[in-house]
Amino acid sequence: MAFAERLGNFIWNPWLLGLFLLSGLYFSVRTGFFQLFHVRLWLKTTLGSLLRPKRRREGGGLTQLQALSTALASTIGTGSIAGVATAIFYGGPGAVFWMWVSAFLGMMTGCVEKTLAVRYREKSRDGGWQGGPMCYMERGVGSRTLAALFSLCCVAASLGGGNVVQANSIAASLEAAFGWDRLAVGLVVAVLTGLVILGGIGRIGRVSETLVPCMALLFIGGGVMVLICHRAAIPEALERIVTGAVTPKAALGGGIGYGMAAAMRYGVARGVFTNEAGMGSSAIAHAASNVQEPAEQGMWGIFEVFIATLSVCSITALVILTSGVYQENAALLAIQSGTVTSAMVGAPLSAAAFSTVFGRFGVVFVAVCLLLFAFTSLLGSSYYGERGLQYLTGTDRWRWPYRAAFLLAVVAGSVGDVAVVWQLADIFNGLMALPNLCALLLLSPEALGLLNGWMTVRTDGAAHRGRSRRAGR
């Protein structure tokens with residue numbers, strides 16, 4: 001545990017934290033903060049397209065909604081509930097601010113990432129599309145070594161991070177809510193996961209397309225109800241978030257307090273874990289989309305971060321901070337004395353916050369949401385690991401042994417120690433992000449060129465349609 005914690009801190013603080021923030025800032029500045037000043041364009045391209053009649057696309061692959069849902073299936077997971085609560089407990093309310101900052105900048109990192117994923121994808125054996133960072137690292141950067149390093153880390157993150165974290169949170173929440181045996185829960189989850197992933201990316205996309213929108217709306221709706229009941233505490237919560245983020249030492253009673261470094265470390269790390277912008281994993285799902293324009297898929301990358309972190313995670317954070325269940329003094333004393341228990345962090349803290357309005361049903365509500373969030377995350381994580389292994393070996397021969405190992409890890413993770421699980425997740429995510437961020441920066445001129453070209457076509461087309469309508473009057 002101590003070694004894992006030291007290794008995780010070495011990877012993330014300050015090297016990887018700075019690289020994530022600086023990369024997102026670079027992409028934002030180069031595009032004139034596209035995510036802010038062109039919000040109508042990317043919302044129209046993403047959310048607006050879901051309301052328009054579907055156009056038939058050629059070439060097979062997933063629909064854009066299925067690709068987004070598969071990516072969100074992995075991103076909107078336990079990090080959105082348990083991860084945010086853990087970040088607040090260990091980093092203080094200021095961690096929420098840095099989570100927002102990382103998400104705002106990460107919107108453009110996600111845009112570049114998904115644009116390149118479609119630009120360098122390739123045809124799969126079933127007639128669809130496949131790709132991801134390993135493809136743009138090899139064909140774009142020209143480095144098979146970098147691609148192999150990413151793929152290796154992707155497989156490790158899938159087996160030792162993504163699935164273990166999700167399985168652990170499912171088992172812990174159902175044990176707390178209903179008293180169910182963790183091992184039995186792990187076995188059932190493994191069986192259900194296996195039934196879906198055996199059908200490949202097509203079945204994963206169809207299941208995600210059904211579950212993800214429903215679970216997101218369910219959680220957001222419940223969170224909004226809690227915030228309405230605690231609306232008087234929202235201004236104070238926002239003040240604590242900002243103060244904790246910018247004060248070098250947000251001291252509390254007794255001279256103890258959260259430091260700004262802790263807020264940044266847990267806020268940025270948890271933000272990245274919930275939206276995966278810059279990690280490269282969700283780009284694997286977006287590469288399977290049947291979209292034709294790479295930059296168009298980049299808009300879905302922006303939308304993904306907006307939903308996963310700025311919407312869902314913000315709801316969790318505000319519910320915790322307005323409900324009064326989180327006490328900074330008690331949390332700091334427990335951290336310093338080494339008496340932190342599983343009931344004080346993660347999903348139990350979120351459940352306690354919802355219970356202030358829903359009563360006993362609050363624990364059940366969080367358990368059900370965690371079950372849906374974590375289950376869909378398992379589906380996305382399995383596909384990412386398969387793609388990484390396929391690239392490393394150059395064959396599908398190892399697909400079935402990998403799936404067996406993945407499902408066994410689900411069972412093992414359900415009875416594992418939560419502290420160790422989260423440390424491993426941070427380590428593997430960090431090791432996967434390093435080669436990907438380097439590749440994004442190297443290929444940024446091409447990605448930004450594709451974005452500018454697509455915007456020019458959209459702008460000229462809109463202007464032409466406007467002139468045609470005026471001439472027809």
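The protein's secondary structure comes to 20 helices and four strands (DSSP runs numbered from the N terminus: helices are H or I with at least four residues, strands E with at least two). The model is predicted: local features need pLDDT of at least 70, side-chain atom pairs count only at pLDDT 80 or more, and totals for chains, interfaces and linings use all residues. Residues are numbered from 1 along each chain as its sequence is written, and side-chain values use heavy atoms, with hydrogens and water left out.

**Whole protein**
- Of 473 residues, 56% count as buried (under 20% relative accessible area, 1.4 Å probe, protein chains only).
- Take contacts (heavy atoms within 4.5 Å) between residues at least 6 apart in sequence: 85% of them join residues at least 24 apart.

**Nonpolar core**
- The largest nonpolar core holds 128 residues, and Phe34 and Phe219 touch the most other members.
- Helix α15 (residues 294-323) gives the most to this core, with 16 residues.
- Such a core is a set of buried Ala, Val, Leu, Ile, Met, Phe, Trp, Tyr and Cys residues joined through side-chain atoms within 4.5 Å.
- Leaving out residues up to four places away in sequence, Phe34 touches residues including Trp42, Met108, Met299 and Met455.

**Glu113**
- Glu113 lies in helix α7 (residues 94-119).
- Glu113 counts as buried because its relative accessibility is 0%.
- Its side chain makes a polar contact with the side chain of Asn436 at 2.8 Å (a pair of N or O atoms within 3.5 Å; within protein, one must be able to donate a hydrogen and the other to accept it, and residues adjacent in sequence count only if both atoms are side-chain atoms).
- Beyond residues up to four places away in sequence, Glu113 also touches Tyr136, Glu276 and Leu440, among others.

How values were computed. Buried means under 20% relative accessible area, exposed over 50%, partly exposed in between (1.4 Å probe, protein chains only).
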